[in-house]
Amino acid sequence: MSKPLRAALLAAAIASAPAFAADKVKIGFLSTLSGPGAGLGVDIRDGFQLAVKSLGGKVGGLPAEVIVADDAQNPDTAKQTTEKFLKKDKVDFMTGIVFSNLMLAVGKPVFDSHTFYISANAGPSQYAGADCNPYFFNVAWQNDNLHEAVGKYVNDQGFKNVVLLAPNYPGGKDAMSGFKRFYKGKVAEEIYTKMGQLDYAAELAQVRATKPDALFFFLPGGMGINFVKQFVAAGLSKDVRLFAPGFSADEDVIKAVGAPMLGLFNSSHWAHDMDNAANKKFVADFQKEYGRLPSLYASQGYDAALLIDAAVRDSKGKLEDKAAVKKALEAAKFASVRGAFKFNSNHYPVQDYYLRLIRQDGQGRVTNKTMGTIFTQHADAYVGECKMK
Amino acid sequence: MSQLILEQALNGLQFGLMLFLLAAGLTLVFGIMDMINLSHGSLYMGGAYFAAAAAQASGSFAVGILAAVAGMALVGTLLELAVLRHFYKRDHLSQVLATFALILIANELVRMVWGPQPMMLNPPEALSGPVEILGFFYPAYRLLIIGVGLAVALFLYLLVAKTRVGMWVRAGAANREMTEAMGVNVRRLFTAIFALGAALCAIAGALLGPLLAVQVGMGENILILAFVVIVIGGIGSIRGALVGSLLVGVGDTLGRALLPTLLRSVASSEVASNLGPALASILIYALMAAVLFWKPQGLFPARG
Amino acid sequence: MKKLVEPLLLAAAVALPFLLAATGNEFYTGMATRVMIFGLAATALNLIVGYGGMVAFGHAAFFGLGAYGVAILMQHGVTSAWIAWPAAVALAALAALGVGLVSLRTRGVYFIMITLAFAQMLYYLVLSLKNYGGDDGLPLANRSTLAPLDLGSDTGFYLVTLAVLAAALFAMKRLAASRFGSALAGIRQNETRMEALGYPVFGLKLACFVIGGAVAGLAGALMANQHGMASPNLLYWTQSGMLLVMVILGGVGHRYGGLIGAVVLLGLEEVLAGVTDHANLGVGLFLLAVVSFAPRGIAGLLPKGSRE
Amino acid sequence: MSELLRVRGLERHFGGIYATAGVDLDVGAGELHALIGPNGAGKTTLIHLISGALAPDAGAVAFDGKPVTDLAMHERAGLGLVRSYQITSVFPHLPALENVRLAVQSRARDWGSSFRFWRPAAADRAMTEEAASLLERVGLAGRGAAPAADLAHGEQRALELAMALATKPRLLLLDEPMAGMGHEESERMADLVASLKGDISMLLVEHDMDIVFRLADRISVLVAGRIVASDAPAAVRDNPEVRRAYLGDEVVPL
């Protein structure tokens with residue numbers, strides 16, 4: 001049978017029986033690929049595309065079409081591109097958004113059009129609690145979790161006078177509330193900085209004036225890079241201990257800042273030195289493909305692709321059957337780089353959180369070393385409020 | 001508390017001097033050629049990218065700055081000769097459209113050459129730590145910026161006040177037709193002024209690159225502050241640009257730092273930390289509107 | 001022949017959404033609505049720049065305020081457009097009155113700078129409204145309700161926007177021919193003579209500024225509904241620059257200048273975005289060409305008859 | 001004869017130069033009062049001061065018995081104290097007829113305010129007709145459709161006058177209406193001004209002595225910002241003070 005004839009038959013078949021298996025999977029990948037947060041978006045994209053490549057360009061056995069777009073960390077652009085994905089490209093899945101404010105701006109139209117959103121990063125407390133939605137899955141974490149882990153560690157280490165610093169957006173508010181959920185000591189000051197701010201001279205002068213014994217900061221990507229450099233340049237590192245969630249102390253920040261990061265304790269749900277088969281393969285493939293150590297964002301992009309692959313396979317490609325796909329996603333039968341993976345009832349992960357320390361490894365590289373476990377099978381604090389139907 | 005005020009004042013001085021580098025070029029172009037140049041911010045961005053590229057290639061920050069200055073002076077000259085020269089006689093609306101188009105082109109060219117992600121530009125290794133003076137810590141790199149800023153300000157003052165070219169510049173600012181009538185080769189003077197403005201932007205871009213970030217579109221926010229400065233100072237006056245930039249630099253920084261603490265006594269810390277920075281920015285524009293309303297010629301009017 | 005052009009264009013515009021829906025391209029209906037909304041905002045600015053001769057460089061502030069008016073009312077439960085949209089227009093008109101009262105005391109390049117300053121002030125004010133979303137913007141739960149009509153569907157909302165735009169353009173035509181319009185034409189060409197003739201020039205210019213602000217507020221109300229959110233970026237100076245570019249590109253002082261500018265600029269952006277990642281380079285070069293070779297904008301190139 | 005315009009002690013200086021040094025001047029109702037003087041005597045400055053375009057440093061202006069010193073130009077115009085310009089000031093791109101119609105529309109007391117946004121201005125037929133008749137009166141009957149910029153210089157001066165007349169002034173300040181006109185054109189303009197005498201009082205600034213002495217009921221001579229003489233035409237002609245200041249010292253047969 002000649003190729004065009006077979007294609008015509010296939011097209012006719014699909015048109016007639018919508019519940020029949022789709023011929024391909026369209027995935028809308030919208031992320032921050034420019035501006036201060038670009039490093040995060042690029043890592044998620046690289047991780048995601050590495051997984052698709054390792055699956056031979058197929059997802060759940062069907063050819064995958066990944067449409068990549070840049071939201072430039074701007075809610076308006078995110079909303080417009082999402083409308084294009086939903087109405088023009090008619091994608092089956094959406095993923096990739098880095099920042100919670102963009103996630104919240106985009107969520108409603110995606111859920112209303114019954115399109116599954118597989119978040120590889122943004123885990124706003126709203127979607128974990130009252131506004132949880134059957135079409136929203138987060139394969140990374142709920143925003144507060146990593147901050148809760150650091151809060152517990154700082155509290156256990158007996159620090160009494162801590163300054164908190166985070167950008168003024170939903171993710172930043174979740175960071176502050178997460179940290180304070182497990183840190184019971186005195187909070188000297190809560191400083192909110194403008195989203196995307198890069199010069200912290202004013203804030204550092206304020207920190208120096210309040211003389212805290214420790215500083216917890218959550219500043220993803222370029223913001224974190226500039227903050228740590230300016231913190232060290234201001235000579236504060238002598239008498240104020242720095243603590244941060246994994247976001248502000250991972251490979252992207254370490255590569256840019258280098259030695260000044262040594263001795264920084266941070267928390268994470270993943271580390272490149274976790275010894276399970278999936279992680280070893282992922283870290284090796286990533287270094288071969290991109291020539292750099294993967295960051296936790298890359299691991300989350302990688303897992304998101306594997307989750308979609310598992311869901312399409314388990315629902316036998318019947319993407320129109322939303323209930324079947326939802327059940328397959330909830331089952332999450334995929335080999336996560338973090339080992340065992342399971343969702344909570346609000347579609348957020350229940351997983352372990354580890355303590356990491358930035359030290360020089362055997363080959364003299366400045367990188368994270370896993371030191372121990374802070375939480376085991378930890379669930380987020382909002383699942384109770386979620387009445388998922 | 002005095003440590004905080006002193007440190008903030010120095011931060012304000014540092015930001016003010018960098019603003020001056022932009023404002024000086026902008027006020028001359030605006031004052032003498034009566035040209036609204038919205039793409040002035042793109043010259044600043046170009047300078048930052050040239051510095052980052054050269055510093056990464058050569059490994060030395062100083063080479064980065066020199067490359068930026070030379071590169072942008074050349075780009076400025078070419079831009080003036082090829083495009084801007086044709087718009088001196090045109091009305092302000094056409095100038096706005098043309099220079100707005102240049103912003104789009106500049107941003108896209110940078111994105112094509114260096115990609116959408118911000119570029120890494122680290123201060124020189126020796127200056128990455130703090131300096132201690134009488135028990136007071138201050139980042140060495142920011143002191144360098146203040147030093148360079150003051151040096152350039154002095155150089156500009158001498159150039160404008162004491163040299164023949166400077167005299168032409170002042171004459172041009174006061175009355176362009178008369179200057180032309182007295183036989184000053186105005187075309188070459190304009191090109192020189194524009195190149196000087198571009199070089200100053202390059203210095204600002206190279207020095208602020210490590211503190212802010214070398215990224216596409218970095219010119220647009222600081223451009224608006226430069227306009228505020230030259231309006232307050234008086235369009236066409238270098239002295240006005242210096243005073244205006246220090247006023248805005250220190251005002252904005254102190255406002256951003258002290259207003260939240262002041263507001264905290266009256267409102268909750270959450271509201272104070274939000275309202276503080278916004279109020280600081282609003283005050284800057286309120287000052288500009290007030291100057292435009294009462295003293296449209298600015299504090300140091302160039303035109304007699 | 002010229003008499004036929006307008007009704008034909010209107011008929012085509014009405015048919016467009018149904019054609020698009022039939023061919024499964026609803027996305028473009030949404031896009032066309034967005035272009036019409038920007039056309040309305042640019043037309044409002046053209047009233048001030050083209051008819052009133054006042055180069056205002058902060059008009060996006062009133063556009064954004066209109067959007068925020070609807071969004072804030074929506075958050076407090078007022079979903080009916082019959083209430084929210086006029087309220088948005090009133091809010092924008094009030095802001096325009098305040099800004100106009102001060103700005104119109106200045107002249108020439110200082111007027112450009114002071115309108116820019118006030119717009120930036122409104123931008124930072126909106127940025128600081130924490131309980132209305134701050135710099136994340138304020139999403140709308142859903143579209144306003146317009147009693148008998150259904151705004152929910154893209155086609156329905158497109159037709160309402162088209163009706164508002166057509167009404168605005170017709171009102172512009174009436175206004176230009178009215179006494180107020182003829183006085184504006186006089187002011188634009190020789191302000192001192194109008195003063196000498198006894199015209200209350202300040203009052204006339206202020207009225208023109210406020211009407212332009214109000215119509216921009218209406219466009220903002222539509223934008224909030226089309227975009228599903230109001231965000232500070234709507235008020236930022238580059239947005240004002242964009243509106244001014246549309247007016248100059250389309251033709252300053254020409255009745256359709258704002259609309260033509262919006263259609264050409266946003267259409268070019270969309271077409272180039274499909275072809276290359278560097279659409280703005282093409283747009284920038286195109287704008288530079290227009291300002292160099294067609295000083296009176298695209299409308300200036302049209303046959304003399306339609307210049308009117 | 002009740003004077004329509006009373007100017008007392010008007011002063012205005014630019015830096016050190018006293019353009020107007022304490023001027024007293026009256027214009028009676030229905031009177032054509034000519035104002036003559038050498039170039040640079042301060043005639044145009046005086047017109048600016050009386051019309052409100054310039055604020056005086058001292059002195060007062062009263063119109064029809066009411067003080068108008070601190071009224072703005074457009075408010076004085078509203079009261080009927082209207083000026084025309086030495087340098088033609090028209091609406092270049094608007095047709096000549098529309099130039100005059102706009103001047104007619106300025107009379108808020110007759111037509112109501114200009115804040116009418118809906119009804120086409122052309123619908124007020126009376127206004128357009130009045131404008132057309134004014135054009136005819138100044139000899140521009142067939143030129144209504146031509147844009148003002150395309151009119152010849154003399155025609156523009158006529159248009160300038162038509163616009164001034166359109167505001168139905170009670171006192172018209174004419175600043176060298178015949179400037180730059182050919183002989184034949186200025187003759188026609190002089191006849192026109194003559195035809196206005198009686199219903200409109202005028203303060204006429206003019207250099208052409210023949211026209212001045214033909215039209216003026218009264219003449220004031222302004223020299224270096226000061227009125228040196230103000231009398232009937234015959235008396236002013238023989239006044240030695242005027243002759244010396246105006247014609248220089250050598251005797252000129254007159």
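Biologist: How many residue pairs are in polar contact between chain B and chain A?

Modeller: This is a predicted model, and for a polar contact to be counted here both residues need a pLDDT of 80 or more. The contact itself draws 28 residues from chain B and 28 residues from chain A. Between chain B and chain A the residue pairs in polar contact come to six.

Biologist: Which element gives the largest share of the side of chain B that touches chain A?

Modeller: The elements of chain B that give two or more residues to this side are helix H1 (2-33), strand S2 (136-139), helix H10 (238-264) and helix H11 (269-294). The residues of this side of chain B divide into 13 nonpolar, ten polar and five charged. With five residues, the largest share comes from H1(B).

Biologist: Which residue of chain B forms a salt bridge with A:Asp199?

Modeller: Two salt bridges are found across the interface of chain B and chain A. In the one that involves A:Asp199, the closest N and O atoms are 2.8 Å apart, and the partner is B:Arg142.

Biologist: What percentage of the area buried between chain B and chain A do carbon and sulfur atoms give?

Modeller: Chain B and chain A bury about 2,200 Å² between them. Of that area, the part given by carbon and sulfur atoms is 52%.

Biologist: Among the pairs of chains that touch, which has the most contacts?

Modeller: Four pairs of chains touch in this model. Chain A and chain D are not joined by any contact, their closest C-alpha atoms lying 37 Å apart, and chain B and chain D likewise have no contact, with closest C-alpha atoms 14 Å apart. Among the pairs that do touch, the most contacts are between chains B and C.

Biologist: What percentage of the area that chain C and chain B bury between them lies on carbon and sulfur atoms?

Modeller: The contact takes 42 residues from chain C and 42 residues from chain B, and on the chain C side these residues divide into 30 nonpolar, nine polar and three charged. The two chains bury about 3,800 Å² between them, and the part on carbon and sulfur atoms is 84%.

Biologist: How many salt bridges and how many residue pairs in polar contact are found across the interface of chain C and chain B?

Modeller: The salt bridges across the interface of chain C and chain B number zero. The residue pairs in polar contact, with both residues at pLDDT 80 or more, number five.

Biologist: How far apart do the C-alpha centres of domain 1 and domain 2 of chain A lie?

Modeller: Chain A is divided into domain 1 (17-141 + 274-349) and domain 2 (145-268 + 353-383). The contact between them takes 28 residues from domain 1 and 30 residues from domain 2. Their C-alpha centres are separated by 27 Å.

Biologist: Which residues of domain 1 of chain A lose the most area to domain 2 of chain A?

Modeller: The two domains of chain A bury about 2,100 Å² between them, carbon and sulfur atoms giving 62% of it. Together accounting for 23% of what the domain 1 side buries, the residues that lose the most area are A:Pro36, A:Trp141 and A:Leu296.

Biologist: In S4(D), which residue is the bridge partner of D:Val7?

Modeller: Chain D has an open sheet of four strands in the order S2-S1-S4-S5, with antiparallel pairing, and its edge strands are strand S2 (17-28) and strand S5 (66-67). Strand S1 (residues 3-14) is joined by five bridges to strand S4 (residues 58-63) of chain D. In S4(D), the bridge partner of D:Val7 is D:Val61.

Conventions
Residues numbered from 1 in each chain as written. Chains lettered and ligands numbered in written order. Predicted model: local features only at pLDDT ≥ 70, side-chain atom pairs only at ≥ 80, totals over all residues. Heavy atoms only, no water. Domains from an automatic or database assignment. Contact = heavy atoms within 4.5 Å. Buried area = accessible area lost by both parts, 1.4 Å probe. Pairing = 2+ DSSP bridges. Salt bridge = Lys/Arg side-chain N within 4 Å of Asp/Glu carboxyl O. Polar contact = N/O pair within 3.5 Å; in protein donor to acceptor, adjacent residues only side chain to side chain. Nonpolar A, V, L, I, M, F, W, Y, C, P; charged D, E, K, R; others polar.
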